[in-house]
Amino acid sequence: EPADVQSMLGHLGPARTSAKPGRHDILGVESYVQVSSPLRRYPDLLAHYQLIAWLRGEKPPFDRGQLDAALGGQRAAVRAKRAAGRRGQRYFQLLALAREGLGATLHAQVIRAGGPQGRSVAFDPERVLQIDLPGYLAPVGTWLDLEVVSVDASDGKLEVRAANT
């Protein structure tokens, strides 16, 4: 269920790039080094140099201060690339929804209930689409049929209302 996945992800901390080994909550291991992300090619290279030296029984070529200095700029770049990727994905999701036309029905589950001043959010698993529900007060896990009122893919905006059932 989308609400269950959202709940689990909400309990995990954000990924961090660091010279200090860290715990991986999903894998359940105390020390973890990620070397597969295409967004982190330079940090991967540094990690490989460190690991190769360690496996050879040699002193690692970089100390913690050097690694932290080298990785400092990477964090902001990775965040910016991820944000751009999310915006691009949402653009194409909304563009496809706009082709379905106004009045299209979305079947979505509330994954975040924000209360009167908060931001309630639903998720349509068929379209893999997150939907803002301003002022909506249903509990997490509630399934809704929503009618598309307006779509602006270029601005990332989607307006819906409860569908007549």
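Glu100 has a relative accessibility of 45%, so it counts as partly exposed. Keep in mind that this is a predicted model.

Q: Why is Glu100 called partly exposed?
A: Buried means under 20% and exposed means over 50%, with partly exposed in between. Glu100 comes in at 45%, so partly exposed is the label.

Q: What makes Glu100 and Arg127 a salt bridge?
A: The rule asks for a side-chain nitrogen of Lys or Arg within 4 Å of a carboxyl oxygen of Asp or Glu. Here the N to O distance is 2.9 Å, so the pair counts. The two partners are 27 residues apart, with Glu100 in helix α3 and Arg127 in the loop between β4 and β5. Asp124 joins Glu100 and Arg127 in a network of salt bridges.

Q: Why is Gln93 called buried?
A: The cut-off for buried is under 20%. Gln93 has 17% relative accessibility, so it counts as buried.

Q: What makes the pair Arg119 and Asp132 a salt bridge?
A: Their side chains meet at 2.8 Å, N to O, and the limit is 4 Å. Arg119 sits in strand β4 and Asp132 in strand β5, so the pair ties together parts that are 13 residues apart in sequence.

Q: Why is Asp132 called partly exposed?
A: Its relative accessibility is 32%, so it counts as partly exposed.

Conventions:
Residues numbered from 1 in each chain as written. Predicted model: local features only at pLDDT ≥ 70, side-chain atom pairs only at ≥ 80, totals over all residues. Heavy atoms only, no water. Buried < 20%, exposed > 50% of the residue type's maximum accessible area, 1.4 Å probe, protein only. Helix = DSSP H or I, 4+ residues; strand = E, 2+ residues; numbered from the N terminus.
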